[in-house]
Amino acid sequence: MAPLVAVVASTHHPFYYRASTQPPDQRPASVDTWVRKIEAFRETLRVAEPDVLVLVGSDHFHQLWLDNMPQFLVGAAPVYDANWYNEEREFGLPRMRLQGHPALSRHLLRRGLDLGFDLAFSNELRLDHSVTCPIITLRPEADLPVVPLYTNIFAPPMPQPRRFVELGQALRRMVEEWESDERVAIIGTGHLSLELGGPRQFGPHGPDPAFDAKAVRWIAEADVEGALSEVTLESLAEPGNATHGFMDFLLMMGAAGPGTPADYVDSLDLFHTMEAYFTWYPKEGT
Amino acid sequence: MSRYLLDKFLYTVDRDPDLLERYRQDPRGTVAWWEAEMANRLLACHEQERSSWLAFEDAEREALATHDYPALFALGAHPFLTLTLFIGLFERDHPEPLGFQRAYAARLADWLGKPYPDISTC
């Protein structure tokens with residue numbers, strides 16, 4: 001059975017690439033702090049020595065569109081081109097190309113369907129920054145094969161928050177049941193409080209620091225029941241209109257194992273959003 | 001109410017560099033052309049396979065034709081799509097970093113403390 005060597009949850013900030021590739025003598029000190037935190041976070045994945053990455057994210061209306069909208073979709077391609085013209089335009093993101101892992105894709109689809117998750121699939125998927133940001137921050141060599149899993153946190157109606165937790169738990173089980181000795185890491189990115197296209201966007205910090213403090217605590221403890229006792233599809237609109245991205249963190253809390261404290265926790269209060277970084281090293285039975 | 005079609009306009013223009021420039025230069029003409037030629041295109045299908053029923057309401061057409069993003073917000077256009085497209089259109093006119101994004105937020109300030117418009121398309 002495949003070893004699950006790390007579960008990594010992170011915010012994804014599309015400006016990191018541009019900020020971190022400025023010449024060091026031209027960038028503000030705040031970027032140096034950000035880079036130091038990212039490099040320390042990167043180390044938590046490196047020491048786990050993964051062979052393959054399952055990447056949980058959410059397409060931002062790039063390839064997945066309202067005429068044919070999946071709730072959960074697994075990439076099943078041998079190769080993934082990545083990043084789109086409007087991400088190049090707005091964030092300066094580079095075009096990328098990642099190797100896929102069709103055998104693991106097939107396994108996740110088969111087992112996912114058998115466990116009661118009607119997963120959609122794509123044989124030709126161009127990835128976006130929800131998945132490439134963690135490659136840039138955590139594995140800039142981009143040298144490992146990946147299997148993307150996209151969730152709908154964008155277009156109502158969306159699945160309930162608890163469903164994200166359940167899928168995370170199932171995802172971990174599927175990985176651990178995979179007949180392979182390849183070392184798997186599950187990396188997922190979401191958001192804390194976030195506003196995009198509304199009056200609270202791009203403020204001096206995230207739109208709801210109190211929610212962020214609570215959310216970091218929930219994630220750090222994988223306190224699924226604490227989070228679910230306060231978070232609903234309706235309530236997630238209150239901290240900011242893009243805060244449904246927190247549901248990808250719920251998925252990762254499910255994968256980490258409800259009630260399992262993270263082995264690594266860090267955060268950074270940036271303009272317009274709070275960044276947060278978590279790593280678990282799974283042990284059997286957690 | 002055709003929120004889906006508003007979103008479809010924002011989506012198709014945002015992803016096409018030529019169309020984005022055309023919409024910046026000539027919003028009313030681009031919206032008229034788009035509604036006649038593109039509104040009923042099935043995006044993942046051959047161009048001859050078309051829908052037959054999609055059209056803007058007057059307020060929607062006017063909001064797009066006047067680059068009126070506060071009106072688009074009020075109509076329930078998806079805020080992410082509107083923001084991304086309008087950054088592409090107008091960020092270049094604001095020299096200070098995030099200047100356009102902050103001006104955009106300020107123009108929506110009347111919504112602070114109120115429930116935002118419904119953005120669901122079904």
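## Helix H4 of chain A

The structure is a predicted model.

Helix H4 covers residues 102–114 of chain A. Just after the helix, A:Gly116 takes a positive phi of about 100°. An α-helix has 3.6 residues a turn, so residues three or four places apart point the same way.

## Helix H2 of chain A

Helix H2 runs over residues 29–46 of chain A and has 18 residues. At 1.5 Å a residue the helix should span 26 Å; its end C-alpha atoms are 26 Å apart, which agrees.

The buried residues of H2 in chain A are A:Val31, A:Trp34, A:Val35, A:Lys37, A:Ile38, A:Phe41, A:Thr44 and A:Leu45. They pack against helix H1 (16–20) and helix H5 (129–138), and also against strand S1 (4–11), strand S8 (184–190), strand S9 (264–270) and strand S10 (273–280) of chain A.

## A residue in helix H5

A:Thr137 lies in helix H5 of chain A. Its relative accessibility is 9%, and a residue under 20% counts as buried, so A:Thr137 is buried.

Leaving aside neighbours within four places in sequence, A:Thr137 is in contact with A:Tyr16, A:Ile38 and A:Arg42. Of these, A:Ile38 is listed among the buried residues of H2 in chain A. A:Thr137 and A:Val35 are 102 residues apart in sequence, while their C-alpha atoms are 9.0 Å apart in space. A:Val35 is another of the buried residues of H2 in chain A.

## Chain A as a whole

Chain A contains 9 helices and 10 strands. Its C-alpha trace spans about 50 × 40 × 40 Å along the principal axes. A compact globule of 286 residues would have a radius of gyration near 19 Å, and chain A has 17 Å, which agrees. Of the 286 residues, 63% are buried. Among contacts in chain A with a separation of 6 or more, 80% are between residues 24 or more positions apart.

The accessible surface of chain A is about 10,600 Å², and carbon and sulfur atoms account for 50% of it. Chain A carries 23 positive and 39 negative side chains; the centres of these two sets lie 2 Å apart.

## Backbone details

A cis peptide bond joins A:Pro156 and A:Pro157, with omega of about 5°. A:Pro157 is placed in the loop between S7 and H6 of chain A.

A:Asn83 is not a glycine, yet it has a positive phi of about 75°. A:Asn83 sits in the loop between S4 and helix H3 (85–91) of chain A. With a relative accessible area of 0%, A:Asn83 is buried.

Chain B has a residue of this kind as well: B:Leu98 has a positive phi of about 60° although it is not a glycine. B:Leu98 is found in the loop between helix H6 (79–90) and helix H7 (99–107) of chain B. At 12% relative accessibility, B:Leu98 counts as buried.

## Chain B as a whole

Chain B has 7 helices and 0 strands. Its radius of gyration is 15 Å, close to the 14 Å that the globule rule gives for 122 residues, so chain B is as compact as a globular protein of that length. The C-alpha trace of chain B spans about 45 × 30 × 25 Å along its principal axes.

In chain B, 48% of the 122 residues count as buried. Of the contacts in chain B with a separation of 6 or more, 64% are between residues 24 or more positions apart. Chain B exposes about 6,000 Å², with 53% supplied by carbon and sulfur atoms. There are 13 positive and 20 negative side chains in chain B, and the centres of the two sets lie 1 Å apart.

Methods
Residues numbered from 1 in each chain as written. Chains lettered and ligands numbered in written order. Predicted model: local features only at pLDDT ≥ 70, side-chain atom pairs only at ≥ 80, totals over all residues. Heavy atoms only, no water. Helix = DSSP H or I, 4+ residues; strand = E, 2+ residues; numbered from the N terminus. Rg over C-alpha atoms; globule rule 2.2 N^0.38 Å. Buried < 20%, exposed > 50% of the residue type's maximum accessible area, 1.4 Å probe, protein only. Contact = heavy atoms within 4.5 Å. Areas by Shrake-Rupley, 256 points an atom, 1.4 Å probe, with all protein chains shown as cover. Lys, Arg positive; Asp, Glu negative; His and termini not counted. Charge placed at Lys NZ, Arg CZ, Asp CG, Glu CD. Expected span 1.5 Å × (residues − 1).
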